[in-house]
Amino acid sequence: MQKGWFIDCHCHLTAEEFRQAGVQAFVSVTEQQSEFEEVIDLAERYPESVMACFGIHPIQGSADGHRSVTVQDLEPALPFFEKHKDKLVAIGEIGLDFTPWFVSTSQQREEQQKVFALQLDIAKQLDLPVNVHSRSAGRQAIAFLKEQGIQNALLHNFAGRPSVALEGVQAGFCFSFPPAVTRNDQRAKLIRQIPLENICLETDSPSLGPKKEERNEPEQIRISCQYIAAVKGLSVETVCEVTTHNALKLFPKVHQRLKQQ
């Protein structure tokens with residue numbers, strides 16, 4: 001693998017965006033079972049760069065809007081995890097989302113935790129890391145990961161308190177930040193306190209770009225790198241090198257596939 005390559009640890013891809021601007025690998029997550037076959041198809045068409053994840057997101061979209069996930073959303077997806085287990089590099093996007101206008105009852109929060117726990121069990125059975133969503137539930141997500149004995153986790157677009165993040169750091173978890181962090185300095189204190197050895201890069205394409213109204217693209221991962229470097233007072237080259245090393249350590253199957261090239 002060439003020096004200076006980026007690894008996008010959390011994105012939602014379309015084929016025409018691939019391999020631009022020095023992105024060596026895309027860890028492509030899913031939110032619903034309907035996306036599973038598509039991401040496998042992309043991974044088979046672009047085996048040198050697209051790395052597939054399966055996961056059922058804590059918030060599900062439908063024709064009626066968005067709602068909290070249920071176990072019934074996960075059940076039809078379960079056979080796919082086993083069928084494609086050798087092609088997966090992680091389980092995700094999974095986690096907790098306690099945003100009040102989506103999740104208003106304790107029963108909904110408990111159901112999310114059931115779905116999360118079931119997918120964490122799959123990750124443990126398949127010996128895969130997890131790619132975790134934790135909006136309005138950073139503390140709960142990290143505590144739950146620790147309770148479930150998870151050792152390899154990426155907290156994507158983490159927005160919790162620095163003290164909570166440091167609990168995750170102590171557990172060995174990694175944190176990734178998209179270009180949207182440049183819209184204001186709200187994450188600067190958080191990024192400053194998380195050791196670089198626990199940070200990865202992501203875009204969350206096509207969402208969470210530097211401008212809210214514009215589509216995000218994988219090439220904008222450089223913006224995340226530059227921002228983290230500025231906040232920490234480090235060179236862009238150092239942040240690129242260390243975050244790529246962190247990603248390869250967190251996602252060993254990604255490392256294996258890149259070594260085969």
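Two strands count as paired when DSSP finds at least two bridges between them. Helices (H or I, at least four residues) and strands (E, at least two) are DSSP runs, numbered from the N terminus. The model is predicted: local features need pLDDT of at least 70, side-chain atom pairs count only at pLDDT 80 or more, and totals for chains, interfaces and linings use all residues. Residues are numbered from 1 along each chain as its sequence is written, and side-chain values use heavy atoms, with hydrogens and water left out.

**Stop 1: the sheet**

Select the strands. 8 of them form an open sheet, in the order β1-β2-β3-β6-β7-β8-β9-β10, with parallel pairing. Look at the edges: β1 and β10 each have a single partner strand, so one side of each is left without a neighbour in the sheet. On average, neighbouring strands are turned by 30° against each other, direction ignored. Axes here are lines fitted to C-alpha atoms, for helices over the stretch in contact, and angles run from 0 to 180 degrees between N-to-C directions.

**Stop 2: strand β6 and its partners**

Select residues 88-95, which make up β6. 4 bridges join this strand to β7, and the two run parallel. Contact means heavy atoms within 4.5 Å.

Now go to β3, residues 50-54. It pairs with β6 in the parallel sense over 3 bridges. Here C53 stands opposite A90 of β6.

How many residues of β6 are buried? The count is 8 of the 8, so the strand is largely enclosed by the rest of the structure. Buried means under 20% relative accessible area, exposed over 50%, partly exposed in between (1.4 Å probe, protein chains only).

**Stop 3**

An unreviewed UniProt entry places the feature "binding site" at H133 and H156. They are spread over 24 residues of sequence, yet the largest C-alpha distance is 5.9 Å. Both H133 and H156 are included in the lining of the largest pocket. UniProt positions are given in the numbering used here, feature names are shortened, and annotations may be inferred rather than shown by experiment.

A pocket is defined on a 1 Å grid over the protein atoms alone: an open set of points with protein on both sides within 12 Å along at least five of seven lines, whereas a cavity is a set where a 1.4 Å probe fits but cannot get out. Lining residues have an atom within 4 Å of a point.

H133 sits in strand β7 (residues 130-133). Its relative accessibility is 8%, so it counts as buried. Show its contacts beyond four places in sequence: H57, P58, E93, I94, G95, L96, D97 and H156.

H156 belongs to strand β8 (residues 153-156). It is buried as well, at a relative accessible area of 4%. Its contacts beyond four places in sequence include H10, E93, H133, E202 and D204.

**Stop 4**

The unreviewed UniProt entry places a "binding site" feature on H10, H12, E93 and D204. They span 195 residues of sequence but cluster in space, with a largest C-alpha distance of 10.8 Å. Of these residues, the lining of the largest pocket includes H12, E93 and D204.

H10 lies in β1. At 0% relative accessibility, H10 is buried. Among the residues it touches, beyond four places in sequence, are E93, N131, H156, E202 and D204. H12 is in the loop between β1 and β2. Its relative accessibility is 16%, so H12 counts as buried.

**Stop 5: P179**

Move to the loop between β9 and α7, where P179 lies. Is P179 buried or exposed? At 0% relative accessibility, P179 is buried. L208 is 29 residues away in sequence and 6.4 Å away in space, C-alpha to C-alpha.

**Stop 6: helix α8**

Finish on residues 221-232, helix α8. Its 12 residues reach 17 Å from first C-alpha to last, close to the 16 Å expected at 1.5 Å a residue. That expected span is 1.5 Å times one less than the number of residues. Colour its buried residues: I221, S224, C225, Y227, I228, A229 and V231. The elements covering them include β1, β2, β9, α7, β10 and α9. Just after the helix, G233 takes a positive phi of about 70°.
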